[in-house]
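Grab a pencil and have a look at the model below. Try each exercise yourself before you read on to its solution.

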Amino acid sequence: MSKRYDLIVFDWDGTLMDSTAVIADSIQAACRDLGVAEPDDATARHVIGLGLNEALRQAVPTLPEHQYGDLALRYRHHYLLRGDAIPLYAGAQQTLQELQAANYLLAVATGKNRNGLDRVLDSSGLRHYFHATRTADETQSKPHPAMLIELMDELKVQPERVLMIGDTTHDLQLALNAGVDALGMTHGAHPEETLRALEPLALVDDFVALRIWLRENA
């Protein structure tokens with residue numbers, strides 16, 4: 001059977017890596033360090049997937065502008081204390097291996113900065129699976145379509161041959177804005193009902209279900 005897609009693009013946090021709780025906790029801890037009101041769990045989780053500067057501004061919108069730099073420093077401090085212990089989701093590497101063996105092009109589009117993505121690509125051992133990556137400090141933050149447009153340009157793939165996989169509405173809106181198909185994973189940062197409202201092709205709960213869907217549909 002011919003493949004439906006040539007390029008499959010993954011979000012990182014909350015999609016491949018089980019980092020949602022650590023990111024939300026780190027945002028809240030950074031706020032405590034500065035003595036400012038911390039966002040609740042739902043708010044802290046909602047901004048995951050955006051670039052850090054935009055995420056912090058949405059999570060703590062009343063902070064004086066001159067304090068966002070300090071907030072970002074404290075966020076990075078808390079995240080790095082726990083970052084090396086964050087696991088991949090069960091089945092993530094097996095899924096990438098299967099897709100690689102089937103000759104798909106694979107890429108990452110993430111709200112991380114380049115240093116952060118490079119660190120986890122190396123520590124997780126996943127770097128060699130990906131043909132290209134984009135981070136929020138290199139281009140426009142999600143849901144602006146630039147990440148996907150740049151990946152498609154680099155890898156010479158048309159929008160109708162691309163699938164975006166992510167756990168947040170930012171990922172699904174990114175796909176919509178870039179004119180590519182999207183699939184949502186419900187094990188990450190955003191609730192299932194908010195993902196469903198953006199009408200992805202499907203929602204899956206874990207990588208077992210994702211592999212089944214990809215074998216039958218990709």
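**Exercise 1.** Find out which residues make up domain 1 and domain 2.

*Solution.* Keep in mind that this is a predicted model. Start with domain 2, which covers 19-82. Domain 1 comes in two stretches, 7-18 and 89-217. Now take the C-alpha centres of domain 1 and domain 2: they sit 23 Å apart. As for who takes part in the contact, domain 1 gives 19 residues and domain 2 gives 15.

**Exercise 2.** Describe the interface of domain 1 and domain 2: how much area is buried there?

*Solution.* First, the area: the two domains bury about 1,200 Å² between them, and 44% of that is on carbon and sulfur atoms. Next, look at domain 1 for the residues that lose the most area to domain 2. These are D13, H170 and A189, which together make up 33% of what that side buries. Sort the touching side of domain 1 by class, and you get four nonpolar, nine polar and six charged residues. Then check what links the domains. Salt bridges across this interface come to zero, while eight residue pairs are in polar contact between domain 1 and domain 2.

Technical notes:
Residues numbered from 1 in each chain as written. Predicted model: local features only at pLDDT ≥ 70, side-chain atom pairs only at ≥ 80, totals over all residues. Heavy atoms only, no water. Domains from an automatic or database assignment. Contact = heavy atoms within 4.5 Å. Buried area = accessible area lost by both parts, 1.4 Å probe. Salt bridge = Lys/Arg side-chain N within 4 Å of Asp/Glu carboxyl O. Polar contact = N/O pair within 3.5 Å; in protein donor to acceptor, adjacent residues only side chain to side chain. Nonpolar A, V, L, I, M, F, W, Y, C, P; charged D, E, K, R; others polar.
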